Structures are given as structure tokens and as C-alpha cells.
Amino acid sequence: MVKTIHSSILASCYMTLIIFRMAFQVLGSGFEVISVGKKKLVRSVPTELNKDHNEILELAQAQGYVTVEEVERRFSWPSGRATDALETLLEEGLAMIDDGHRDCKRSFQV
């Protein structure tokens, strides 16, 4: 019984992997899996994400969002650098603006 359940779960996992692999082949080379911190993301945007973008995505993993002030403080960046990186994430659909944050500061949901 246990062996049958284990085999069934294993077969299901293999099938999922095969489906994902086929989807990537069908969708083309514009898709790739990237590591950001402890998570894997599927990047489907043609824009090259640089170190700044990846650092912001990693920072946002803890709470799901960041603020410009938090990025500036954490990385000792000037305001323009933090804003530029966040705007790129917005343009590429990797972040959303949340003006309803509990401390009345604009946050970026990532």
C-alpha cells in the first residue's frame, strides 16, 4: 500500500516536471528560471535584471513589499538609484504600487 502511494506521488511529480519542461519549450527561449534568495522565479520579460533589481526582489521576500526608504537605508543607495530600480520593476510587471500601506508610505508589492 505504502509503495503504491509513493509510486503514485512520484509519478505525479515526474508528470508535473514533464509538463513544465514542455511548456518552456513551447513558449520559447524568452523564459528562464532564476534564483532570487531562497526562491526560484520564472522570468518571462526580455529586460535584463541587474544586481540592483535582484537585491530588491530578495529584500522584498521577507514581507512581500519594500519602500524606497527601506531600499535606500538597507543598501545605502541614493534616492535616484532606488527609485530607478523600482520603476524598472514596475514597468516590467514585477512590482505593483500600494498607496494604502499602513504607515501611509508608498510601498512596492513584489
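Visitor: How much accessible surface does the protein have?
Guide: About 7,900 Å², with 57% of that belonging to carbon and sulfur atoms. Accessible areas here come from the Shrake-Rupley method with a 1.4 Å probe, and for residues only the protein chains shown count as cover. This is a predicted model, where local features need pLDDT of at least 70, side-chain atom pairs count only at pLDDT 80 or more, and totals for chains, interfaces and linings use all residues. Residues are numbered from 1 along each chain as its sequence is written, and side-chain values use heavy atoms, leaving out hydrogens and water.

Visitor: OK, what's the mean pLDDT?
Guide: It's 79 for the protein, and 73% of the residues reach 70 or more. pLDDT is the predictor's confidence in each residue, from 0 to 100.

Visitor: And where is confidence lowest?
Guide: In helix 1 (residues 2–27), at a mean of 65, while helix 3 (residues 68–75) is highest at 95. Helices are DSSP runs of H or I with at least four residues, strands are E runs of at least two, and both are numbered from the N terminus.

Visitor: Which residues of helix 2 meet helix 3?
Guide: Glu55, Ile56 and Leu59 do, and on the helix 3 side they meet Glu70, Val71, Arg74 and Phe75. Contact means heavy atoms within 4.5 Å.
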